Amino acid sequence: MDAPVPLIIAALLAAGALVAPSPRARAAAMLGALVLAPIILGFHIASSDQLDPLRRHPALAAAGGVVAAIAVAVLAVVFAKRPAWLPIAAAATLPFRVPISSGGSTANLLVPLYLVVAAGTLAYAIPRLLGEEPPERGRRPGLLEWALAIYLALYAVQASYSDDFGRALENVVFFYVPFALLFALIARVPWTQRLARVCLGVLLVLALALVGVGFVEYATRHLFLNPKVIASNQLEDYFRVNSLFFDPNIYGRFLAIVMLLLSAWLLWARRQRDVIVGALLLLVLWGGLVLTFSQSSFTALLVGLAVLGAMRWSVRWALILSGAALVVAVAFVAIAPSAVHLELGNSKSADKATSGRYDLIKG
């Protein structure tokens with residue numbers, strides 16, 4: 001089913017889950033996207049070598065499917081009774097990925113999170129499609145939801161004339177559709193300060209554990225995952241860690257997000273003890289982030305801190321200081337490009353200085 005029409009339909013269903021005006025319509029769109037996306041993926045990877053063990057052992061494949069179905073059903077019952085547990089489960093499973101071969105390449109997929117999303121979708125959709133009207137709270141679809149929905153639909157339509165349709169299909173099925181459903185679900189959860197604290201606590205525990213693994217990797221000069229990063233470290237004069245992630249940049253972005261959430265809590269903290277504890281935690285997480293050497297993660301953290309500063313104090317001053325910092329950075333690169341290993345006017349130098357991002361953006 002490597003055809004654009006089913007992919008576009010799945011994307012439109014996920015987009016409908018974001019902006020549907022009624023709970024029943026939203027439930028139908030969510031359930032449709034949940035069913036169609038795995039079917040598209042199944043046809044896409046039907047000939048993949050990754051499925052050979054399952055073809056040779058159909059009984060094992062059937063048993064695995066039954067176990068997954070039972071896990072989803074149990075979680076769906078739990079989420080139906082306790083909707084607030086959904087974002088906690090999503091936070092707890094967010095960092096964990098499983099390598100899956102697809103389309104001749106290996107993708108590191110958020111399989112535990114997919115199970116949570118599937119269970120949450122069933123818990124939300126089935127009662128409403130059966131005519132029940134559970135009490136529903138949360139934000140109504142607004143500008144953000146419409147922007148996300150339009151982006152998702154536009155991406156799927158553009159995939160129809162892409163030079164790499166398989167990669168576009170994987171992005172939609174593996175990431176855009178599940179995250180759209182997760183957004184629609186979490187937007188319906190009645191958020192409280194206690195729930196926000198619990199989610200932040202879960203993410204902090206995970207981040208600290210992952211940073212500990214990263215420190216061990218750096219101290220022993222040994223990575224647990226991703227042979228490409230291992231080979232790269234042998235050629236460079238610095239050592240990048242990726243903890244239990246397959247990519248130092250994804251690991252760094254996870255730490256940056258947790259640091260921003262912690263910073264938001266710290267900026268509005270009233271007790272001195274909270275400020276001290278928050279600062280110490282940020283120091284540990286910063287140490288883990290530095291060892292990733294992830295330029296995109298540093299940039300994301302700086303932009304996020306600027307936004308938090310604007311929310312906490314002044315939008316005008318945040319814009320002024322951000323503009324000044326940008327001018328200083330551009331001037332520094334223009335005056336001393338060799339300091340960042342950059343030759344102005346040389347595209348190869350720009351690509352090397354940005355760790356391959358110049359060619360990536362150009363492509």
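At what angle do α1 and α2 pack, and how far apart are their axes? In this predicted model, the angle is about 150 degrees and the axes are 8 Å apart.

## α1 against α2

Angles over 145 degrees count as roughly antiparallel, and α1 is therefore roughly antiparallel to α2. The two helices make a left-handed crossing.

On the α1 side, the contact is formed by Pro 6, Leu 7, Ile 9, Ala 10, Leu 13, Ala 14, Gly 16 and Ala 17. The α2 side supplies Arg 26, Ala 29, Met 30, Gly 32, Ala 33, Leu 36 and Ile 40. By class, the residues of this contact are 12 nonpolar, 2 polar and 1 charged.

## α1 against α7

Helix α1 spans residues 4–19 and helix α7 spans residues 143–159. Their axes come within 9 Å and cross at roughly 180 degrees, so α1 is roughly antiparallel to α7.

From α1, the residues in contact are Leu 7, Ile 8, Ala 11, Leu 12, Ala 14, Ala 15, Leu 18 and Val 19. They meet Glu 145, Trp 146, Leu 148, Ala 149, Leu 152, Ala 153, Ala 156, Val 157 and Ala 159 of α7. This contact has 16 nonpolar residues, no polar ones and 1 charged. Leu 7 and Ala 14 of α1 take part in the contact with α7 and also in the contact with α2.

## α2 against α6

Helix α2 covers residues 23–44, and helix α6 covers residues 111–129. Their packing angle is about 135 degrees, with the axes 8 Å apart. The two helices are therefore oblique to each other. α2 passes α6 in a left-handed crossing.

Residues Pro 23, Arg 24, Arg 26, Ala 27, Ala 28, Met 30, Leu 31 and Leu 34 of α2 are in contact with α6. Their partners in α6 are Ala 118, Thr 121, Leu 122, Tyr 124, Ala 125, Arg 128 and Leu 129. The class count for this contact is 11 nonpolar, 1 polar and 3 charged residues. Arg 26 and Met 30 of α2 belong to the contact with α6 and also to the contact with α1.

## Helix α14

Helix α14 runs over residues 315–335, 21 residues in total. From the first C-alpha to the last, α14 reaches 30 Å, close to the 30 Å expected at 1.5 Å a residue.

At the start of α14, Ser 314 makes a side-chain to backbone approach: a side-chain oxygen of Ser 314 comes to within 3.3 Å of the backbone nitrogen of Arg 316.

Definitions and conventions
Residues numbered from 1 in each chain as written. Predicted model: local features only at pLDDT ≥ 70, side-chain atom pairs only at ≥ 80, totals over all residues. Heavy atoms only, no water. Helix = DSSP H or I, 4+ residues; strand = E, 2+ residues; numbered from the N terminus. Expected span 1.5 Å × (residues − 1). Polar contact = N/O pair within 3.5 Å; in protein donor to acceptor, adjacent residues only side chain to side chain. Axes fitted to C-alpha atoms, helices over the stretch in contact; angles between N-to-C directions. Parallel < 35°, antiparallel > 145°, perpendicular 65-115°, else oblique. Left-handed = near helix turned anticlockwise from the far one by under 90°. Contact = heavy atoms within 4.5 Å. Nonpolar A, V, L, I, M, F, W, Y, C, P; charged D, E, K, R; others polar.
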